[in-house]
Amino acid sequence: MEAGEERERVLKKRQVLLFFVLLGIAQAGSTLRRYSVEEEAENGFLVANLLKDLGLEVEELAARGPRVISKGKKLNLEFNRQTGDLLLLEKLDREELCGPAEPCVVPFQVLLGNPLQIFQAELQVRDINDHSPIFLDKEIILKISEMTASGTTFLIERAQDLDVGSNGLQTYTISPNFYFHLKLQDSPDGTVLPQLVLDKVLDREEQSEIRLILTAIDGGSPPRSGTALVLVEVLDINDNAPTFSKFRYEVQVPENSPVGFQVATVFARDLDIGDNGQIAYALSQASEDIRKTFRMNATTGEILLAKTLDFESIQTYTVYVQATDGGGLSGSSVVIVQVMDLNDNPPELTMSTVTNHIPENSPETVIAVFSVADPDSGDNGKVVCSIPEDLPFILKPSLENFYTLMTNAALDRETKSQYNITITITDLGTPRLTTQHTITVEVSDVNDNAPAFTQSSYTLFVQENNRPALHIGTISATDSDSGSNAHITYSLLPTHDPQLDLSSLITINADNGQLFALRALDYEALQSFEFRVGATDQGSPALSSQALVRVLVLDANDNAPFVLYPLQNASAPYTELLPRAAEPGYLVTKVVAVDRDSGQNAWLSFQLLKATEPGLFSVWAHNGEVRTSRLLSERDAPKHRLLLLVKDNGDPPRSASVILHVLLVDGFSQPYLPLPEVARDSVQDNEDLLTLYLVIALASVSSVFLLSVLLFVGVRLCRRARAASLRGCSVPEGHFPAQLVDLSGAGTLSQSYQYEVHLAGDSGTGEFKFLNPVIPNLFMEDCEREVKENPHCRSSFVVS
């Protein structure tokens with residue numbers, strides 16, 4: 001039995017040594033810092049200051065964004081970014097963290113960002129004497145035969161102490177008596193087992209029951225203790241103790257075995273017969289965890305599962321079994337239960353830091369830092385981490401199964417504004433288990449797109465005489481950015497035309513691009529104008545674009561025709577002379593009119609509304625020429641009054657009236673016209689007198705006209721002489737062409753007209769040549785320019 005215990009102690013030591021070797025391999029390649037703290041330390045307890053160990057100054061500590069990460073066994077630690085102090089946030093229970101393991105070392109990491117750095121550290125939780133030894137059975141019953149020889153030892157149920165080291169269970173004492181003394185024996189797992197040694201042979205007839213107080217004492221300061229009652233029942237003679245077929249049983253049980261699964265079956269035999277040979281099996285030296293996990297069939301020796309096993313929690317169980325016969329003798333054996341690992345745990349992902357919003361156009365941006373682990377062992381605990389290949393992201397492995405998820409290229413929000421990144425972690429067990437974690441990344445906008453107009457140029461049409469603040473059109477621009485980067489403000493850009501006061505004509509709604517005319521537009525003053533409009537977003541820096549806007553003013557029929565000839569004024573009406581010998585179609589005069597409108601609004605037509613003699617005269621509708629329709633007779637009245645209507649082609653049409661006075665004469669040299677032989681009366685005499693006055697007036701006007709022409713020629717000659725450095729103004733002698741004046745070609749006239757008047761010297765009655773084109777329009781323009789330049793040379797013109 002002692003040889004078996006020695007082998008067990010050697011095995012335990014080898015397991016501990018293997019554990020520390022594996023731990024050293026796992027920590028290879030990284031520098032570990034170990035800090036220490038006692039359990040049950042108060043909240044806010046200063047563990048250490050990490051500034052020196054991290055190699056940082058206080059100023060750059062906060063910028064690096066340190067975070068404390070603990071895997072598996074969680075440590076509630078706080079890192080002060082201002083001072084670098086590592087503080088406790090809650091009390092630590094060493095027994096809860098590490099159980100019986102000693103030393104109790106919990107690893108943690110300090111994660112630094114910008115750049116990414118992982119600092120490995122360990123926190124050792126020192127034990128304090130906060131638990132007293134306890135006996136799971138408050139009453140221990142020993143049945144000892146009275147024939148038991150002195151020196152016989154009896155194993156007693158040990159006490160349990162959750163503390164470790166010097167604070168753990170150290171020794172036992174027993175109350176003073178005459179029959180027993182206490183012997184302490186080291187067990188293979190390093191604990192102390194109490195044994196009672198019989199000093200004196202028992203005599204049932206003298207004393208059938210002995211009560212002893214067993215005290216367990218730990219090594220704390222001050223020490224703690226626990227007691228149990230040892231009840232010794234003296235039995236009759238039983239000289240054979242049960243003996244197990246094996247001193248050590250080793251079994252392997254899959255961790256997914258159901259409750260009630262038969263773990264092992266032990267067997268012991270007793271050479272005695274009767275009650276002394278009846279064996280009862282029971283668990284011995286069993287901890288609370290053993291009793292919850294296994295149960296013993298006292299009759300058959302079967303060990304059954306009381307709950308499911310978990311390889312990740314406990315890999316090996318040591319179960320002590322005791323066989324006791326009816327006489328109170330017992331034997332013991334040990335069952336080593338190895339838990340077989342199955343791939344029953346999917347990989348675990350622990351997210352340390354994650355960023356769900358990243359700006360576009362930022363390559364190699366860290367999205368997340370996470371670690372992966374699998375509590376299974378062997379291939380079951382090896383994991384492979386991956387993300388979809390069609391995403392612009394990559395995974396970079398780091399120390400201690402840490403991974404960094406970062407962008408592989410610059411992102412474009414306008415192409416895709418959101419990514420769902422699925423991180424897939426798969427172990428290498430059979431069957432393979434997989435864990436997925438999805439991170440949603442929103443790509444925030446950067447102002448990298450200028451507003452774009454829907455058209456490069458806009459043409460707007462506005463009817464003249466519009467009402468003020470009229471909406472004449474809308475320009476529109478779009479921005480593929482978002483938020484304020486896509487909020488567009490419209491504005492009018494300064495024009496390079498100094499004569500165009502754009503601010504008085506047009507305004508724009510800065511929010512929606514609607515254009516409004518500030519005042520009524522006049523086609524006759526401004527037919528079209530153009531300007532540029534800017535669209536600017538509200539990004540930083542702001543981006544803008546321009547578009548050309550051309551506004552065309554549409555003509556409205558808002559101007560009536562204006563008669564240039566004959567002048568319609570309040571003075572005495574002008575009289576046209578018509579020789580009686582005129583042939584049909586003779587041109588009496590030409591009505592000249594213009595219209596400031598354009599297009600069909602300026603197309604003029606002429607109409608004779610009323611005449612003294614309706615059938616004598618006609619007017620050409622398109623050019624305003626008044627002609628005779630027939631030969632004149634002696635019966636025709638000597639004076640005629642014609643009412644003409646000049647009308648444009650607008651909608652609605654506008655018109656002007658013209659009154660013409662026509663005087664019939666036999667010849668231009670006669671001051672009056674002979675009247676037909678009719679009875680004369682006083683009214684006729686008055687008319688003859690009026691005719692005489694008209695002839696006299698005509699002669700006077702002609703004289704003034706000739707004088708004006710001469711004066712005009714003199715002015716022209718003065719201008720030429722001044723150009724030749726000659727002084728004075730002389731009027732040349734000789735024949736002067738009878739050129740009078742030209743009328744500018746406007747309205748319905750297709751060309752300019754000038755008129756010359758000749759009096760035939762060889763004609764007795766005189767002949768009047770009327771309306772003959774003589775010189776081009778440039779003559780009149782030169783005349784007007786000369787008058788403006790030389791105010792001393794002026795002339796008056798009479799148009800006939």
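**Close-up views of a predicted model**

Gln-285 is buried, its relative accessible area being 6%. The structure shown here and in the legends below is a predicted model.

**View 1. Gln-285 has a positive phi without being a glycine.** Phi of this residue is near 50°. Gln-285 sits in the loop that runs between β19 and α5. Because buried means under 20% relative accessible area, Gln-285 falls in that class with its 6%. β19 covers residues 280-284, and α5 covers residues 288-293.

**View 2. Arg-291 and Glu-157 are joined by a salt bridge.** The N to O distance between the two side chains is 3.6 Å. Arg-291 belongs to helix α5, whereas Glu-157 belongs to the loop between β9 and β10 (169-174), so the pair ties together parts that lie 134 residues apart in sequence. Is each partner buried or exposed, or in between? Arg-291 is partly exposed, with 34% relative accessible area. Glu-157 counts as buried, at 13% relative accessibility. Side chains of opposite charge can pair when their charged atoms come close.

**View 3. Asp-379 and Lys-382 form a salt bridge.** Their closest N and O atoms are 3.5 Å apart. Asp-379 is partly exposed, with a relative accessible area of 44%. Lys-382 is also partly exposed, and its relative accessible area is 46%.

**View 4. A salt bridge links Arg-211 with Glu-209.** The side chains meet at 3.5 Å, taken from N to O. Glu-209 counts as partly exposed, at 33% relative accessibility. For the model, the count of salt bridges comes to 17.

**View 5. The second largest pocket has a volume of about 1,200 Å³.** The pocket is lined by 44 residues, and the closest to its centre are Leu-142, Leu-155, Gln-322, Thr-324 and Ser-330. Two or more lining residues come from each of several elements, including helix α1 (2-27) and the strands β11 (180-186), β15 (243-244), β22 (316-324) and β23 (330-340). Which element gives the most to the lining? That element is β8, with seven residues. β8 spans residues 139-145. Sorted by class, the lining holds 17 nonpolar, 17 polar and ten charged residues.

**View 6. The peptide bond from Thr-430 to Pro-431 is cis.** Omega of this bond is near -5°. Pro-431 is placed in the loop between β30 and β31. The strands on either side of that loop are residues 418-427 for β30 and residues 434-444 for β31.

**View 7. Tyr-565 and Pro-566 are joined by a cis peptide bond.** Here omega is about -5°. Pro-566 lies in the loop between β41 and β42. β41 is made of residues 562-565, and β42 of residues 575-579.

**View 8. Asn-465 is not a glycine but has a positive phi.** The phi value is about 60°. Asn-465 is located in the loop between β33 (457-463) and β34 (470-474). Is Asn-465 buried, exposed or partly exposed? Asn-465 counts as partly exposed, at 42% relative accessibility.

**View 9. The C-alpha atoms of Ala-637 and Thr-612 are separated by 8.4 Å.** Along the chain, the two residues are 25 residues apart. Ala-637 is in the loop between β47 (625-628) and β48 (639-647). With a relative accessible area of 30%, Ala-637 is partly exposed.

**View 10. Five residues, Leu-689, Leu-690, Leu-692, Tyr-693 and Ile-696, form a nonpolar patch on the surface.** Together they have about 430 Å² of accessible area. One of them, Leu-689, is in helix α7, which covers residues 682-723. Leu-689 counts as partly exposed, at 39% relative accessibility. A residue in a patch needs over 30% relative accessible area, and Leu-689 has 39%.

Note on methods. Residues numbered from 1 in each chain as written. Predicted model: local features only at pLDDT ≥ 70, side-chain atom pairs only at ≥ 80, totals over all residues. Heavy atoms only, no water. Patch = residues over 30% accessible without salt bridge, like charges linked within 9 Å, V, L, I, M, F, W, Y side chains within 5 Å. Areas by Shrake-Rupley, 256 points an atom, 1.4 Å probe, with all protein chains shown as cover. Salt bridge = Lys/Arg side-chain N within 4 Å of Asp/Glu carboxyl O. Helix = DSSP H or I, 4+ residues; strand = E, 2+ residues; numbered from the N terminus. Buried < 20%, exposed > 50% of the residue type's maximum accessible area, 1.4 Å probe, protein only. 1 Å grid on protein atoms, 1.4 Å probe; cavity = no way out; pocket = protein on both sides within 12 Å on 5 of 7 lines; lining within 4 Å. Points joined across faces, edges and corners; volume = space filled by probe spheres on them. Nonpolar A, V, L, I, M, F, W, Y, C, P; charged D, E, K, R; others polar.
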